[in-house]
Amino acid sequence: MSTLAIQTEALSRLYGRQAALDNLDLRVQAGRIVALLGPNGAGKTTLLRLLAGMLAPTAGGAQVLGDDSRRLSPANACRIGVMIEGHEPPHWARLQWLAALQASAARGFDSGLAERLLGEHHLDGRARFGRLSKGQRRWVLGALALASHSDVLLLDEPADGLDPASRRALYGHLRDQVNDLQSAVLVATHIIDDIERVADEVAVLHRGRLLLHADLEDLREQVREVDVPATAPLPAQPLEVLASGVRGDRRSVWIRGGETVEARIADQLGGSTAVHPFNLERLFLALTSDAAAADGRPASPNEKEEVAQCA
Amino acid sequence: MNVRLDHRSGEPIYRQIVEQVKYLIARGDLRPGEQLPSIRALAAELRVNPRTVVKAYETLQHGNLVVMRHGQGVFVAENRGAVPAAARRKALVGMARRLLAEASRLGAGADETLDVVRDVSREMERGS
């Protein structure tokens, strides 16, 4: 159940002198869907390309299905499904030809599922890829990736350009597949609303760094957003500050404090503190706002420094 | 099973399942001894990770609301008799301690508290 499908160690990639990925340690277990969130340029696509073996790391490394990502065995390469920008099929290709090609590349390819998924969008096998709308192309690529029954799926904005119903349908099929096959899935996206319905874990990338990687159910249970005066000291142990942001004379603080987080907040900050439920989008924005991470570090790793600033 | 999830409410999904199953049991929509969907089936229906359903069922079992029988499935607990005497005593001792501690904060002794418990019990019997 808890087999590691993906494991990176100090994974780094430079473009020139610019670090696209900086010292990344990430583990993904089989049977889990991980939402890879980050603003544009955070390093999401670079990470997926590194894991797929399309790009070599500058330092550190990654293991996918037990293989070094630079030297994937042919057998394991067939077990990795990829949907990454810039790897689109030629426009003249007919859908049935694409399905046949995919079937020859992926051993577990489920032609019946591919047909069903294309049928959901009334796509004819004889249609040419280039004649489809942007959303239809996405759906075709998503359908082929799902039908491949891969053990690892690396998806870059798989729902981009799809209408809301199709986005939900795509992620619904993804969940079915993960439950049935125990695939490990990494979905890079910045549409939080959709992925929140299906993700098991969230990994937040910002400027090449992994700021947060946590189980989404744990976050819902253990994290609260509180509203305190900007001059108040930040909460201390056993409460952990994940992020904080000042607006005027008020400060929003995202606090992690175990299953009894609300009681602990009341203990430390007083019962009248305004406590809000966990909201992924708000935490994401706080973590990745320029003010919070201007020097490339998480919002408030050093409480003393912050408190000194406030005083 | 009629369970509706709100992924944006901030409430853990497993707890939403727990609360709604509790409600279905309290309303009598789920009867004592009735079988609940299997972990796999409910995960597929709600499109959530099976681990989330496991956690929900375990929480319900911990609260003596359901019984998980290995290899057979998950059933709504038969009322009362389902809790073994030792566990029942342990739970009651905990409740009594909390009640007496709260009562003493109000300045009430054990005798006064017990009198109230008896009165309330009589009222509830008459009411039902």
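A nonpolar core is a set of buried Ala, Val, Leu, Ile, Met, Phe, Trp, Tyr and Cys residues joined through C-beta atoms within 7 Å, where a residue is buried if 20 or more other C-beta atoms, placed from the backbone, lie within 10 Å of its own. This is a predicted model, in which local features need pLDDT of at least 70 and side-chain atom pairs count only at pLDDT 80 or more, while totals for chains, interfaces and linings use all residues. Residues are numbered from 1 along each chain as its sequence is written, and chains are lettered from A in the order in which they are written.

The largest nonpolar core holds 84 residues, among which Leu36(A), Leu154(A), Val185(A), Leu186(A) and Val202(A) touch the most other members. A second, separate core has 19 residues, including Val18(B), Ile25(B), Val66(B) and Val76(B).

Where chains A and B are in contact (C-beta atoms, placed from the backbone, within 7 Å), 13 residues come from chain A and 14 residues from chain B.

Within chain B, α2(B) and α3(B) pack with their axes (lines fitted to C-alpha atoms over the stretch in contact) 8 Å apart and at an angle of about 120 degrees, on a scale from 0 to 180 degrees between N-to-C directions. Their contact is made by Ile39(B), Arg40(B), Leu42(B) and Ala43(B) of α2(B), together with Pro50(B), Val53(B), Val54(B) and Tyr57(B) of α3(B).

Methods:
Contact = placed C-beta atoms within 7 Å. Buried ≥ 20, exposed ≤ 12 C-beta atoms within 10 Å, placed from the backbone. Helix = DSSP H or I, 4+ residues; strand = E, 2+ residues; numbered from the N terminus.
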